[in-house]
Amino acid sequence: MEPFPKVDNVCAIAIDLPGFSDLITANVYAVGSGPLTLIDAAPKFPGAFETLKGQLEQGGRDLNDIERIIFTHGHVDHFGLAARIREEVGRPIPCFVHAEDAWRVTAETYREEMFDKAGERLMALVDMPPEEVAKIRERFSLFAMLCDPIFDVKVMEDGDVFEGDDYRLEVIHTPGHTPGTCCLYETRQKVLYSGDHIIKHITPNPLFELRKEILRDPEYQSLKEYIRSLEKVKGIDARYVFPGHGAFVEDLPELIQSYRGHHRERMERIWGALKKSSRPLYHIIDEVFDFVPEYDGFLAISEIMVHLELLIEEGRAELADPGPPSYYRAIG
Ligand SMILES: [Zn+2]
């Protein structure tokens, strides 16, 4: 991976994620020249804490200098190590996440609980075979092991500002990947910290929300919000985009353009599969994706669901039979 460009008062830390090759690295950024703001905190992965501490020290900083930690969103690979960091420095460093994602950070076993109820229901609707559902359940319980919860997380909102020596971070709420995903724009150095909203080597997944009833907008649609959030950051004057995973980005508008093409193409494949025959969604996976890793059945269904929501909104697909399992048909 190309090393991060040198930016004043920024220590960019890339932590390898063996076994998660699609993410390459979990990136953590220490911003500031005195007291530090840490952007994201990496997953509780074997060796990750030692790497974080080591790279911070190599950059001339110290864990004890951290005065706050901001999570770009509430996924384990972004907040997993925060509790360990607090333990190491011996004080409850304030941690922040957007209000819509706070429950993800505070609920210890939410992944399993969530999957038990809403997840099982969704899998029945899409006609996922029981042995596939078992694999997904196993995958979800693995995620829960990669973090310790932060029960006293503080919430932030769009427009909030975090300031320190030589830096000023603006919170830009960019829902889509999760409802509470935020980017942070550092206005002095013109760096956009993009979490999982912008990633160079993969198209970020606007994940299907299993529990819309707990959101501010129960009609929330991940892909629709995601596209809107891309527009929100497209015009930002950023020298560099520093993402949550993998390499930095220089040409943001061009990358966003490629995302739009990717989503359009995926929508057309889903529409084409349903046009051929109206089926429960599990049975179109092989036509929509060229390759799905064995453990990624949930991600495949999530991708189909969020694109289908947009097709329905555009009047190009509809629910033919609510089921379970549900049948959808293409229109036009
Ligand atoms: Zn991530």
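**View 1. Where domain 2 meets domain 3.** In this predicted model, nine residues of domain 2 are in contact with 13 residues of domain 3. What classes of residue does domain 2 show to domain 3 here? Sorted by class, the side of domain 2 that touches domain 3 has five nonpolar and four charged residues, and no polar ones.

View 2. To get your bearings, look for domain 1 at residues 10-102 plus 149-250, domain 2 at 110-142 and domain 3 at 259-330.

**View 3. Helices H7 and H8 packed together.** Helix H7 covers residues 222-234, helix H8 covers residues 252-276, and the two pack with their axes 10 Å apart. Their packing angle is about 160°. Angles over 145 degrees count as roughly antiparallel, and therefore H7 and H8 are roughly antiparallel to each other. Their crossing is left-handed. If you'd like to find the contact yourself, H7 brings Leu 223, Leu 230 and Lys 234, while H8 brings Leu 252, Pro 253, Ile 256, Tyr 259 and His 263. By class, that contact of H7 with H8 comes to six nonpolar residues, one polar and one charged.

**View 4. A six-stranded open sheet.** Here the strands line up in the order E1-E2-E3-E4-E5-E6, and their pairing is mixed. Which strands stand at the edges? Strand E1 (10-16) and strand E6 (154-156) do, and each has a single partner strand, so one side of each is left without a neighbour in the sheet. Going from one strand to the next, the twist averages 25°.

**View 5. Strands E4 and E5 up close.** Now let's zoom in on one pair from the sheet. Strand E4 (residues 66-70) and strand E5 (residues 95-98) run parallel and are joined by two bridges. Look for Ile 70, and you'll find Phe 96 of E5 standing opposite.

**View 6. Helix H1 lying across two strands.** Helix H1, made of residues 48-58, lies across E1 and strand E2 (25-31). How does H1 run relative to E1? The helix runs at about 155° to that strand. Remember E1 from the sheet view: it is one of the two edge strands there.

Conventions: Residues numbered from 1 in each chain as written. Predicted model: local features only at pLDDT ≥ 70, side-chain atom pairs only at ≥ 80, totals over all residues. Axes fitted to C-alpha atoms, helices over the stretch in contact; angles between N-to-C directions. Helix = DSSP H or I, 4+ residues; strand = E, 2+ residues; numbered from the N terminus. Parallel < 35°, antiparallel > 145°, perpendicular 65-115°, else oblique. Left-handed = near helix turned anticlockwise from the far one by under 90°. Contact = placed C-beta atoms within 7 Å. Nonpolar A, V, L, I, M, F, W, Y, C, P; charged D, E, K, R; others polar. Domains from an automatic or database assignment. Pairing = 2+ DSSP bridges.
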